[in-house]
Amino acid sequence: LKCLTLAFWDFTKISIVAVNGLAVGGAANIALANYHDFVLASTEARFMYPFSKIGLTPELGSSYILPRVAGMCKAKNVLLKGDWFSATEAKEMGLVTKVFEPAMLVPGALELAHELSKKNQAALRLGKRVINSHLRKEMGSVMDIENKTINDAIQARFSSSKL
């Protein structure tokens, strides 16, 4: 999924996601701050990175983005423990822009889209490009390391060696 992840980082238009349910593993990466410019979630949204529970390691750039957005301690907590966390907790970590009651989620997303549509679109695209550019330079090599580490984790499960 490296190509897909990088395509989102290179996508020129502003991206808004509205999450109203469960997002686990790669879906949490896609739903949260790694893929989209604005992340809206309902109070019903819950997230989990179950990597350690299934014998895998972080993927899709989460090992790089989460420590930078949420801080190292919080990132390790969600990536290594694999516990569920709420939309409110995700907002406190900087992974969600705004939390809504479920009935207000889509209207909130539409209101944000309408607000952004009134802005200078060239400035939005250029602003997004420069904001993403510093982290984007690293994303390809980060995902190569993540993929190798996932392969190491899979091999460790089926061998007697400990890494």
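User: Which residues lie nearest the centre of the largest pocket?
Analyst: This is a predicted model. Its largest pocket has a volume of about 340 Å³ and a lining of 19 residues. Those nearest the centre are Ala33, His36, Asp37, Ile131 and Asn132.

User: Which helix gives the largest share of the lining of the largest pocket?
Analyst: Three helices each supply at least two residues of this lining: H1 (2–10), H3 (62–70) and H7 (121–157). The largest share is 4 residues, and the helix that gives it is H7.

User: By class, how many residues in the lining of the largest pocket are nonpolar, polar and charged?
Analyst: The lining has 19 residues in total. Ala33 and Ile131, which lie nearest the centre along with others, are of types that count as nonpolar, whereas Asp is charged. For the whole lining the classes are 12 nonpolar, 5 polar and 2 charged.

User: What is the volume of the second largest pocket, and which helix gives the largest share of its lining?
Analyst: The second largest pocket holds about 170 Å³ of space. Strand S3 (38–42), strand S6 (98–100) and helix H6 (102–117) each supply at least two residues of its lining. Among the lining residues are Phe38, Leu40, Lys98, Phe100, Met104 and Glu115. The largest share, 6 residues, comes from H6.

User: How many charged residues are in the lining of the second largest pocket?
Analyst: By class, this lining has 6 nonpolar and 2 polar residues besides the charged ones. Lys98, Glu111 and Glu115 belong to the lining, and Lys and Glu count as charged. The number of charged residues is 3.

User: Which strands are the edge strands of the open sheet?
Analyst: The sheet is built from 3 strands in the order S2-S4-S5, with mixed pairing. An edge strand here pairs on one side only. That holds for strand S2 (22–24) and strand S5 (85–86).

User: Which residue in S4 is the bridge partner of Val24?
Analyst: S2 and strand S4 (residues 46–48) run parallel and are joined by 3 bridges. In S4, the partner of Val24 is Met48.

User: How many residues apart are Asp144 and Lys2, which form a salt bridge?
Analyst: The whole structure has 5 salt bridges. In one of them, Asp144 meets Lys2 with the closest N and O atoms 2.8 Å apart. The pair links distant parts of the chain, Asp144 being in helix H7 and Lys2 in helix H1, and the separation is 142 residues.

User: Are Asp144 and Lys2 buried, exposed or partly exposed?
Analyst: Buried means under 20% relative accessible area and exposed means over 50%. Asp144 has 42% relative accessibility, so this residue counts as partly exposed. Lys2 is at 27%, so Lys2 also counts as partly exposed.

User: Which residue forms a salt bridge with Lys81?
Analyst: Side chains of opposite charge can pair when their charged atoms come close. Lys81 is partly exposed, with a relative accessible area of 47%, and Asp83 is partly exposed at 35%. The closest N and O atoms are 3.1 Å apart, and the partner of Lys81 is Asp83.

Key: Residues numbered from 1 in each chain as written. Predicted model: local features only at pLDDT ≥ 70, side-chain atom pairs only at ≥ 80, totals over all residues. Heavy atoms only, no water. Pairing = 2+ DSSP bridges. 1 Å grid on protein atoms, 1.4 Å probe; cavity = no way out; pocket = protein on both sides within 12 Å on 5 of 7 lines; lining within 4 Å. Points joined across faces, edges and corners; volume = space filled by probe spheres on them. Salt bridge = Lys/Arg side-chain N within 4 Å of Asp/Glu carboxyl O. Buried < 20%, exposed > 50% of the residue type's maximum accessible area, 1.4 Å probe, protein only.
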